[in-house]
Amino acid sequence: MSTTGTDIHKAAEWLHKGELVAIPTETVYGLAANALNTKAVVKIFEAKNRPFFDPLICHTYHIDAINDYVKSVPDWAAQLYKYFAPGPLSVLLPKKSNIPDIVTSGLDTVAFRIPNQDMTLMLLQMVDFPLAAPSANPFGYISPTTAKHVDTLLGNHVPYILDGGTCNIGVESTIVGEEHGKITVYRLGGVSVEEIETMLGKVQIVSKSSVANAPGMLDSHYAPRKKMYIVSDLAQVETSENASILSFDKKYTTAKNLILSPNSDLSEAAQNLFSYLRMLDNDTSTNTIYTTLVPDTGIGKAINDRLVKASYKK
Ligand code: TXA
Ligand code: MG
């Protein structure tokens, strides 16, 4: 059974012992272990029931700390870190041999990010190793944005949950790397493509990578157990007693309806997304969820990516 609390020293103690700790970040909660300790990292895969071919993201508190674990930080990456770290950005860099292969699923790159969450930054400074941390949810399910979410589904697997409140971005980090000389976005996330392009010029976006067969890139992910359908016009939905609507900014009076952002604010919608999906998934009177895509701009692209991957596939 896990304990939930705000004791950073206790969190560091568990990590030093090779145990798991759930950590708050600005994106989603992570399930963390000492990235340099293979046995500890195996516990992450076991707790999440995650396939070993899905690589983990490593977290540190400062760019200088990343240099100990990667062979080089190219200029474009240094530029991105300079503007977006700490923040919701993960960069794929050529790894040194001190990062165990299990962390990267045998790939020769490792993803590093500096989370923008005060407690976790303090924790990262307190330990002398990076933290490998995927989102703290069972594999394929909706990512957690509160300590309670972590406790509900992974409480039996993690001794300590560090409670940093609700995650204020709400969707995962943007993953950027270089493929055949092109700056490539592998996962849409908290830093928008537009922001990256302002700095680096046109980038390519791939949802299926040739460098990794990673489930973050699978067609189905972040998924509720209930069937969810994306429709173009929610007003047209034939709502039955057991259908619920997850809308962006409008209210549809015909059914149970959660509104991601009544003010049409995409950041607010991102912050509410996973919580609301969980609420509907846990609602005993909902069998089916109907939703619609949000404006496909800025963080809206990351929201739409999650909605598409969470929706029902035949
Ligand atoms: O916001 C986030 O990034 C959160 C918080 C906890 O930091 N973490 C997160 O981790 O979303 P996770 O495991 O749910 O997603 C990690 C994804 C993998 O599924 C894979 O797509 C990609 O990161 N990834 C990690 N290392 C990679 C590598 N070396 N090459 C290609 N993709 C990689
Ligand atoms: Mg995940």
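In the predicted model, an oxygen atom of ligand 1 is placed 2.9 Å from an N or O atom in the side chain of Arg 187. A polar contact is taken here as a pair of N or O atoms within 3.5 Å; within protein, one atom must be able to donate a hydrogen and the other to accept it, and residues adjacent in sequence count only if both atoms are side-chain atoms. Considered alone, ligand 1 exposes 680 Å², of which the protein buries 98%. Accessible areas come from the Shrake-Rupley method with a 1.4 Å probe, and for residues only the protein chains shown count as cover. The elements that contribute two or more residues to the shell around the ligand are strand 4 (57–59) and strand 6 (109–113), and strand 6 gives the most, with three residues. Helices (H or I, at least four residues) and strands (E, at least two) are DSSP runs, numbered from the N terminus.

For Arg 50, an N or O atom of the side chain is 2.8 Å from an oxygen atom of the ligand, and for Asp 54 a polar side-chain atom lies 2.6 Å from a ligand oxygen. Of the 24 residues around ligand 1, those that come nearest are Thr 27, Arg 50, Asp 54, His 59 and Ser 173; a residue is near a molecule or strand if one of its heavy atoms lies within 4 Å of it. By type, the shell divides into 12 nonpolar, seven polar and five charged residues. Ala, Val, Leu, Ile, Met, Phe, Trp, Tyr, Cys and Pro count as nonpolar, Asp, Glu, Lys and Arg as charged, and the others, Gly among them, as polar.

The model is predicted: local features need pLDDT of at least 70 and side-chain atom pairs count only at pLDDT 80 or more, while totals for chains, interfaces and linings use all residues. Residues are numbered from 1 along each chain as its sequence is written, chains are lettered from A and ligands numbered from 1 in the order in which they are written, and side-chain values use heavy atoms, with hydrogens and water left out.

In helix 1 (residues 8–16), the buried residues are Ile 8, Ala 11, Ala 12 and Leu 15. Seen down the helix axis, these residues fall within an arc of 100°, so they line one face of helix 1; the arc is that of the directions from the axis to the C-beta atoms. On the other side, His 9 and Glu 13 are exposed. Buried means under 20% relative accessible area, exposed over 50%, and partly exposed in between (1.4 Å probe, protein chains only). The cover over the buried residues of helix 1 includes strand 2 (21–23), strand 3 (30–34) and helix 6 (118–126). At the start of helix 1, a side-chain oxygen of Asp 7 reaches to within 3.0 Å of the backbone nitrogen of His 9.

Ala 147, in helix 7 (residues 147–154), is buried at 5% relative accessible area. Apart from neighbours within four places in sequence, Ala 147 is in contact (heavy atoms within 4.5 Å) with Thr 4, Tyr 29, Ile 161 and Asp 163.

Asn 49, in the loop between helix 2 (38–48) and strand 4, has a positive phi of about 60° although it is not a glycine.
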